[in-house]
Amino acid sequence: MSMADLFEQTATLDARYVMPTYARKPVMFVRGEGMRLYDDTGNTYLDFVAGIGAVNLGHSHPAVSVAVAGQIAKLTHVSNLFYVEHRDELARDLVELFGQPAKVFFANSGAEAVEGAIKLARRWGHARRGRGCFRIVTAERSFHGRTLAALAATGQPSKQEAFQPLPEGFSHVPLNDVAALDAAVTPETCAVMLEPIQGEGGVYPCDTEYLRAVRELCDEREVLLILDEVQTGFYRTGPAFAHQAYGVVPDVMCLAKALANGMPIGAIVGRGDVGDTFQPGEHGSTFGGGPLVCAAGRACVRALADERLGENALAMGAYLRSRLGEVAASTAAVTEVRGSGLMNAVQLAAPNAQQTSAALLAAGLVVNAIGDSILRILPPLVCGMPEIDTLVSALYETFASITPGGA
Ligand SMILES: Cc1ncc(COP(=O)(O)O)c(C=O)c1O
């Protein structure tokens with residue numbers, strides 16, 4: 001079968017048998033290494049999406065591959081009914097990275113970690129102020145996942161409309177507005193949940209003063225602060241977890257994505273007593289905390305630290321924003337560049353983000369479009385200056401070709 005035929009066959013089967021939840025790009029990746037992806041015809045791409053912020057070590061990192069190959073040949077799954085290797089050590093590694101006494105529950109995805117955190121907060125609230133204490137305040141434009149409660153927590157009505165009614169108990173406030181949060185928190189509130197930097201919503205950070213004020217407000221009102229670090233975690237913005245740069249410690253943290261460099265995993269971290277909220281039988285998962293993903297997670301967490309990728313994220317993030325700033329200064333197509341570490345967005349003047357991302361893909365650069373007018377740049381943390389320079393050159397060319405009067 002020719003390569004063109006293989007692609008056609010794959011796309012045809014996909015259209016016939018896979019639910020159409022994604023409008024896929026016309027490319028089929030078959031291999032990856034570091035920042036590079038290879039398609040079925042042998043073309044090479046630079047990856048500035050990293051599996052939506054999940055492959056922080058880069059593709060096919062040998063430490064993770066070896067850990068997974070070794071464990072899959074030994075034992076894949078027995079369930080949480082038994083002790084297994086790696087679960088306890090990965091939990092300890094995460095608590096050490098968190099830097100606070102805490103306990104961990106393992107799930108399989110970000111949405112599942114968020115669901116678990118919602119249950120934990122309700123359980124905690126019931127124990128404090130009775131069954132009426134179950135409400136959670138989150139931010140407008142936030143993203144917490146696609147399952148029902150995580151979707152209800154998400155502050156994007158367009159993603160919710162088709163699935164009403166959603167579980168009750170969620171309200172949304174504008175980000176970085178302390179007065180709005182103050183008014184929204186009532187005795188029925190058990191938690192406030194925020195992303196330190198909103199990812200899916202378009203890369204909008206919490207202000208430092210805001211997050212500190214939120215921490216104080218939660219302490220005063222006896223409400224849990226849940227930070228959803230599913231996208232910001234694992235050195236994406238420099239420190240192991242984004243909140244560490246804010247000097248704010250959450251009561252609960254949700255993790256997933258880069259925790260096992262692309263293997264499906266999620267985790268809830270509960271600080272101090274909060275980590276003892278769930279009692280046996282109150283929460284669970286068939287696969288969560290299995291030895292295979294936990295072996296991958298341990299190898300990943302160790303390699304991220306050994307390779308000092310947080311430092312690289314900070315240095316390359318600063319370089320990327322300065323180069324993107326040059327692009328913005330030279331074309332009316334870009335109105336803003338924002339972000340932290342290697343989590344960045346380019347705000348476009350015109351609603352042509354999809355067109356721009358398609359042109360970049362054709363030029364061998366994988367960049368995510370959010371909505372109509374935002375490009376999100378989320379490379380593996382091994383990204384270096386040459387890759388950034390290649391991206392910037394491609395952006396100049398793309399804006400010159402698709403933006404009337406641009407560049
Ligand atoms: C902040 C945040 N929370 C939760 C999720 C949901 O994670 P998953 O897609 O693994 O369910 C995402 C996914 O992008 C996310 O960015």
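User: In which loop does K257 lie?

Analyst: The model is a predicted one. In it, K257 has a positive phi of about 30° although it is not a glycine. The residue K257 lies in the loop between strand 11 (252-255) and strand 12 (266-271).

User: Is K257 buried or exposed?

Analyst: A residue counts as buried if 20 or more other C-beta atoms lie within 10 Å of its own. K257 has 29 C-beta neighbours inside 10 Å, so K257 is buried.

User: What is the phi of N261, which is not a glycine?

Analyst: Most residues other than glycine have a negative phi. N261 sits in the loop between strand 11 and strand 12, and N261 is buried, with 31 other C-beta atoms within 10 Å. Although N261 is not a glycine, its phi is positive, at about 55°.

User: Which residues does M253 contact, leaving aside its neighbours within four places in sequence?

Analyst: M253 is placed in strand 11. It counts as buried because M253 has 28 C-beta neighbours inside 10 Å. Leaving aside neighbours within four places in sequence, the contacts of M253 are F98, L227, E229, F241 and V269.

User: How far apart are the C-alpha atoms of M253 and V230?

Analyst: Along the chain, M253 and V230 are 23 residues apart. V230 is also among the residues that come nearest to the ligand. The C-alpha atoms of M253 and V230 are separated by 8.6 Å.

User: Which element gives the largest share of the shell around the ligand?

Analyst: Of the 15 residues around the ligand, S109, G110, A111, G145 and V230 come nearest. By class, the shell has six nonpolar, six polar and three charged residues. Its largest share is three residues, and they come from helix 5 (residues 110-129).

User: Which residues does G116 touch, not counting those up to four places away in sequence?

Analyst: G116 is in helix 5. With 25 C-beta neighbours inside 10 Å, G116 counts as buried. Not counting residues up to four places away in sequence, G116 touches F105, A107, I268 and H283.

User: How far apart are the C-alpha atoms of G116 and A240?

Analyst: In sequence, 124 residues separate G116 and A240 along the chain. Their C-alpha atoms are separated by 22 Å.

User: Which element gives the largest share of the largest nonpolar core?

Analyst: That core has 118 residues, of which A121, V192, L224, A267 and I268 touch the most other members. For I268, the contacts beyond four places in sequence include V104, F105 and G116. The largest share of the core is nine residues, from helix 11 (residues 291-306).

User: From which domains does this core draw at least three residues each?

Analyst: The protein is divided into two parts, one of them made of residues 3-57 + 308-402 and the other of residues 62-306. The core draws at least three residues from each of domain 1 and domain 2.

User: Which element gives the largest share of the side of domain 1 that touches domain 2?

Analyst: The C-alpha centres of domain 1 and domain 2 lie 26 Å apart. In the contact between them, 22 residues of domain 1 meet 22 residues of domain 2. On the domain 1 side, the elements that give two or more residues are helix 2 (50-53), helix 12 (309-330), strand 13 (334-340), strand 14 (343-348) and strand 17 (374-377). The largest share, four residues, comes from helix 12.

User: Why are the buried residues of helix 13 on the same side of the helix?

Analyst: The buried residues of helix 13 (residues 353-362) are A353, T356, S357 and L360. They are on the same side of helix 13 because they cover an arc around the axis of only 95°.

User: Which elements do the buried residues of helix 13 pack against?

Analyst: Just after helix 13, G364 takes a positive phi of about 90°. The buried residues of helix 13 pack against strand 14, strand 15 (365-366), strand 16 (368-370), strand 17 and helix 14 (385-402).

User: Which peptide bond is cis?

Analyst: Most peptide bonds are trans. P165 is placed in the loop between helix 7 (157-160) and strand 6 (170-173). With omega near 0°, the cis bond is the one from Q164 to P165.

Terms used. Residues are numbered from 1 along each chain as its sequence is written. This is a predicted model: local features need pLDDT of at least 70, side-chain atom pairs count only at pLDDT 80 or more; totals for chains, interfaces and linings use all residues. Domain bounds come from an automatic or database domain assignment. Two residues are in contact if their C-beta atoms, placed from the backbone, lie within 7 Å. A residue is near a molecule or strand if its C-beta atom, placed from the backbone, lies within 6 Å of it. Ala, Val, Leu, Ile, Met, Phe, Trp, Tyr, Cys and Pro count as nonpolar, Asp, Glu, Lys and Arg as charged, and the others, Gly among them, as polar. A residue is buried if 20 or more other C-beta atoms lie within 10 Å of its own, exposed if 12 or fewer, and partly exposed in between; C-beta atoms are placed from the backbone. The arc is that of the directions from the helix axis to the C-beta atoms. A nonpolar core is a set of buried Ala, Val, Leu, Ile, Met, Phe, Trp, Tyr and Cys residues joined through C-beta atoms within 7 Å.
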